[in-house]
Amino acid sequence: MKPLELYEQKILGDPEFPVQMQINDLSRKAWYFSAHWHEHIELHYVMAGRTLLSLNQREIWAQEGNLVIANSNEIHAGYCDGSHMEAMVVIFEMEAFSKELADKNVIFQSLIERDETVDRIMSSICREYREQQIGYRLVCKGELLKLITHLVREYTVEFLTEKESHRRKKQLERLNLVLDYIQSNYTRQIGNRELAEVIHLSEDRFNHLFKESMGMAPLQYINEVRIKKAMNLLKKKEGTVAEIADSVGFADYNHFGRQFRRYYGCAPSDILKK
């Protein structure tokens, strides 16, 4: 079976440094990472400019000096509006740092602004990551421990029960089955009832679950999948606009053009001309 679209498996195999770090540096209009979820906690610290983070379909504009936290089992995505932005990303699993806190299933506040302690710690982590002098991982790990302690004391929203945590994860896993089904069948017409049957729900319950998790109706999501597939085909010049529209499941050529322009800000023919 191919990987499920939303779930992103994180393997942080180094027990001495169970952290994934990177810097996102962009100046073009784009979703620089698409919607996904995992069991890990993901921190985004904005070092320059601003960025849009979507957390469970809630949009958060983060400015320089802001910290955005994607909690465990939370769907998140990142967007750059075309102006220059730079953000430090730190991904870790709570259990690797504190079994006690992992068992409590901590949910943090999503956006943290104007916190001197956060700024000091994240600036230190950013500096160490850039310079990567000997022992930088030890410093980053120590700073991250300080940050976790500060966040738990000052920015804990709630502690989930084991049952609530399991329910969140189970809901996302069920949604993955639907998204996986869409990826395999987007070229033909798919109805809500058919999708509901994939996870054995009533059509009404399915629509509620999908909109609650994805922030849009199933048909809108299906059309976005089709449009993204069409963009890839247009870039490769694998047919005319009409042929590509038909191959990704759009029966109405004009509807395809309107949806494409709304999503990418240009006509499909513009991509072929480039």
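These notes cover a sheet, a helix packed on it, and a set of aromatic contacts in a predicted model.

1. Start with the sheet. Five strands make it up, in the order β1-β8-β3-β6-β10. The sheet is open, and its strands pair antiparallel. Strands β1 (19–26) and β10 (111–112) are the edges. Each has a single partner strand, so one side of each lacks a neighbour in the sheet.

2. Look next at one pairing. Strand β3, residues 41–48, runs antiparallel to strand β8, residues 85–92, and seven bridges join them. His44 sits opposite Val89 of β8.

3. Helix α3 (residues 136–155) packs on this sheet. It touches β1, β3, β6 (67–70), β8 and β10. The direction of α3 makes about 90° with that of β8.

4. Now the aromatics. The whole structure holds nine aromatic pairs. In one of them, Phe256 and Phe260 have ring centres 5.8 Å apart. Their planes meet at 55°, so this pair counts as tilted. Both residues belong to helix α9 (residues 253–264), four residues apart, or about one turn.

5. About one helical turn of α9 separates Phe260 from Tyr264. Phe260 is buried, at 0% relative accessible area, whereas Tyr264 is partly exposed, at 31%.

6. Ring pairs join Phe250, Phe256, Phe260, Tyr263 and Tyr264 into a cluster. Arg226 lies over the face of Phe250, 5.9 Å from the ring centre.

7. Check Trp61 too. Arg50 lies over its face, at 3.9 Å from the ring centre.

Conventions. Residues numbered from 1 in each chain as written. Predicted model: local features only at pLDDT ≥ 70, side-chain atom pairs only at ≥ 80, totals over all residues. Heavy atoms only, no water. Pairing = 2+ DSSP bridges. Helix = DSSP H or I, 4+ residues; strand = E, 2+ residues; numbered from the N terminus. Contact = heavy atoms within 4.5 Å. Axes fitted to C-alpha atoms, helices over the stretch in contact; angles between N-to-C directions. Phe/Tyr/Trp six-rings, centres within 6.5 Å; stacked < 30°, edge-to-face > 60°. Buried < 20%, exposed > 50% of the residue type's maximum accessible area, 1.4 Å probe, protein only. Lys NZ or Arg CZ within 6 Å of the ring centre and 35° of its normal.
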